[in-house]
Amino acid sequence: MAMGIRDKVAVIGMGCTKFGERFDCSMEDLMVEAVQECLADAGMEINDIDAFWFGTYSSGLAGDTLSNRLKIQYKPVTRVENKCCTGTDAFRNACYAVASGACNVAMAIGAEKLKDGGYSGLAIPNWENDRTNPDPSAPALFAPSATAYMAKYGLTEEQMRHTLSRIEYKNHANGALSPKAMFQKEVPFETILNAPYIAYPLTIYDCSGVADGCACAIVVRTEDAKKYRADPMYVKALQIAAGPAHSEKHQSYDFTTVVETQKAAAAAYAEAGITDPRKEISLAEVHDCFSITELMLYEDLGFSERGQGWKDAMDGVFDRDGELPVNISGGLKSFGHPIGATGIRMLYESWLQFHGRAGARQRDNMKLGMTHNMGGTPYSCVSAVSIVGTELG
Amino acid sequence: MIGIKRCGAYVPFNRLTRKKIGEAYGKKTPPGERAVANYDEDSITMAVAAALDCTAGYDTKKLDGVYFASTTAPYDEKQCATVLSGALDTRKEIRTADFAGTLRAGSAAMLAAADAAAAGKEILVGIADCRLGAADGPNELNFGDGGAAFLMGDTDVIAEITATANISADFHDLWRDKESRFVRLWEDRFAIEEFYNKVMLKAGKTVMEKAGLQPSDFSKVVIYAHVARYQAAMAKKLGFAPEQVQDGNYVMVGNTGAACAPMMLVGALETAAPGDKILYLGYGEGCDAIVFTVTEAIEQPGARPNLTRRINNKKNTMNYEKYLRWRGLLNCEPARRPRTMRSSLPEYYRIPEKNLALYGCRCKKCGTPQFPPTRICVECNAVDETEPYRFYGRNAVIQTFTVDYLAESQDPPNVVAVVDFGGGGRMFTFLVDAELDQVKVGAPVEMTFRCLQTVDGIRTYFWKAVLKLQKED
């Protein structure tokens with residue numbers, strides 16, 4: 001049995017840009033904006049950092065993408081790419097590096113510049129293939145899960161629309177209170193409910209925002225953390241599960257769940273010692289690339305019983321003032337989704353909540369935060385879960 | 001006994017009413033509609049569809065050759081018959097050939113196949129056409145798209161070739177040179193009276209004489225003509241009564257070029273009885289005349305073709321602009337998306353059976369079928385224990401689906417479906433040619449061979465799903 005990462009590493013500073021269509025900013029601007037905030041937060045200078053794990057999906061290749069812009073003086077920079085888990089995986093690698101003792105201070109940074117390409121939606125980098133795999137739009141990769149969920153649990157189209165609209169209503173309302181979010185505006189429930197389909201049964205409001213942004217974190221070993229600040233954020237679990245595409249190829253899979261997420265969550269809960277996530281977790285920032293993804297996550301992360309997630313959503317369980325706030329930041333939906341930055345941005349929400357800096361969306365007694373990403377499709381993906389807390393043990 | 005062992009046909013699902021063409025130009029048009037190949041269909045895919053209809057229940061590994069015939073072959077250089085043979089999952093050690101350039105391409109291929117059949121070979125002939133008439137012209141109104149296929153051999157034939165006659169003579173009544181996409185016509189008075197009427201009459205009379213038969217001996221006569229009225233006139237000149245004339249589907253399908261007379265022949269065999277005589281007169285720079293005698297084998301299960309069911313399976317709500325777009329006659333605004341990449345040919349041909357014949361694999365240890373073929377079983381993880389497994393022809397249903405209004409498409413919205421096959425195995429695929437209200441979880445589907453994309457002149461052929469065509473009319 002591996003010893004795991006629980007309580008071995010602490011975050012001592014974080015930074016995050018405003019997310020959105022940052023036509024005013026280059027990659028350099030985004031990186032400098034986030035890193036300067038992070039260094040000030042930790043009381044450090046860039047040369048105090050021993051090594052960097054730099055996550056980007058498609059906005060650069062090697063480590064020099066980072067070092068050129070931040071003028072890093074010949075320190076190791078590793079470029080990380082793991083689709084939508086990129087940011088989380090950069091963080092995971094930085095944590096493992098300090099935990100091993102190979103370095104003392106590491107930075108995990110995720111950055112993405114998606115809006116300079118002139119494309120609508122997400123431009124997916126392609127490689128040589130025979131082009132016989134269908135290439136539908138991104139929402140069309142997740143929409144079949146909503147169709148399947150309706151069929152399995154007997155929801156009418158109207159019930160499904162109400163559920164998904166309720167989720168997105170919540171995320172828009174939360175985003176309205178997030179000064180760094182891409183969309184900071186409440187949207188009337190009726191507007192969301194009556195939007196036209198873009199990938200049946202999903203509408204434009206069921207899709208997250210394609211955004212530019214950067215987020216970063218500085219990590220040290222737990223025993224060093226108090227040297228830097230009295231209130232560090234401790235890492236409780238970091239788990240990633242990459243699937244064999246069994247779901248894609250085998251009829252036993254019914255499209256209402258993401259097996260990779262079940263596995264990553266189970267491993268993370270074991271690592272963190274969590275047995276009742278709905279009760280123990282204070283806030284969850286989850287990968288609502290599409291509303292149906294968030295609905296499946298309620299069940300895959302163990303917050304709701306199978307087939308009950310839609311009812312819990314309608315009952316407000318995951319609202320800002322609900323039993324377990326999910327995407328209190330506004331989520332990918334409202335905060336925006338610059339792929340490489342998202343995972344670390346999710347940790348940033350726990351960072352703010354733990355330090356009482358979450359403004360109008362601040363909740364009391366926040367102790368355990370969780371993040372979840374998935375890169376790929378519901379039937380073949382990489383899924384990542386991290387858990388952080390304010391206390392050791 | 002040399003002749004047709006099996007036959008089949010294909011008519012594209014989409015039909016354009018002639019009224020919609022007339023509306024575009026403020027003109028009165030003839031009644032009816034024309035069949036329109038979807039944006040992902042061409043002469044190859046329609047020949048494949050007809051050939052799959054023809055060979056249902058037949059072991060295509062027995063084929064000794066595959067011939068493709070069309071005036072609209074998608075490639076000038078690179079054989080099309082090899083795509084057809086690949087989709088049919090034939091052996092590699094066979095003869096393949098493309099017949100092109102004339103409306104007689106279909107009958108030329110059939111007669112060449114009959115000659116091979118006399119030497120004991122079984123040859124599949126796939127014929128299809130997708131011809132263009134210039135906008136606001138008669139050809140645009142009269143043409144239609146479609147295909148037919150014939151399995152020619154010397155045993156178990158349903159229609160024996162009992163006499164043939166040929167006339168070949170150079171002529172320009174319609175032509176299309178290298179620089180033109182559109183078929184051009186000389187005026188009818190000269191073309192019909194000086195050539196068409198003369199060669200058809202001569203070939204028809206010659207072949208009847210050879211066979212020792214009178215017009216009254218025939219149950220049906222298949223007569224190619226550019227338009228219906230010349231067909232009726234020619235039948236009369238030859239001494240046939242109107243009820244003997246096989247319907248050319250000019251009104252509800254259109255003139256399908258090299259496939260026109262062959263499709264009529266399939267229609268004639270659909271209602272034929274043992275002992276019936278059928279006269280076939282194919283036209284194009286001359287005439288191929290063939291007398292067929294229908295045999296008892298037409299009554300065998302699966303032997304009788306069903307063109308009617310293909311003609312009736314349709315959607316006729318498309319507008320004229322969509323037709324122009326599908327044929328590449330409109331400069332449409334491209335989507336704000338990255339340029340489509342061409343197929344990697346090394347990847348496409350690494351396992352050619354996968355793409356052309358729809359092969360996955362099945363694990364010999366646990367029995368799980370899977371697509372695409374893989375080295376390590378997705379279910380039991382056995383390594384290199386798989387065997388080839390063909391998914392085409394298996395029962396399949398929609399497990400779940402979406403209707404994608406966002407992706408770039410020439411026929412939006414795209415339906416994307418997860419298809420589960422009887423016996424196991426699953427594919428994530430496009431579903432085409434469907435009325436949206438018919439697309440449901442659990443709906444039966446079948447696979448159809450289509451051209452997914454054309455980039456740098458590389459046409460990427462693969463399979464999509466269509467709702468299963470009901471056997472009942």
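Select Y349(B) to begin: in this predicted model the residue is partly exposed, with a relative accessible area of 44%, where buried means under 20%, exposed over 50% and partly exposed in between (1.4 Å probe, protein chains only). Rings of Phe, Tyr and Trp (its six-membered ring) pair if their centres lie within 6.5 Å, and planes under 30 degrees apart count as stacked, over 60 as edge-to-face and the rest as tilted.

Residues are numbered from 1 along each chain as its sequence is written, and chains are lettered from A in the order in which they are written. Local features need pLDDT of at least 70, side-chain atom pairs count only at pLDDT 80 or more, and side-chain values use heavy atoms, without hydrogens and water.

Staying in chain B, select F171(B), W186(B), F190(B), F195(B), Y196(B), Y224(B) and Y283(B), which ring pairs link into a cluster.

Over all chains the count comes to 30 aromatic pairs. For another of them, move to chain A and select F142(A) and F290(A), whose ring centres are 5.0 Å apart with planes at 35 degrees, so the pair is tilted. F142(A) lies in helix α4 (residues 138-153) and F290(A) in the loop between β9 (283-285) and α11 (291-300), 148 residues apart; both are buried.

Finally, show the whole of chain B, whose C-alpha atoms fill a box of roughly 70 × 55 × 40 Å along the principal axes, and in which 58% of the 473 residues count as buried.

Definitions and conventions:
Helix = DSSP H or I, 4+ residues; strand = E, 2+ residues; numbered from the N terminus.
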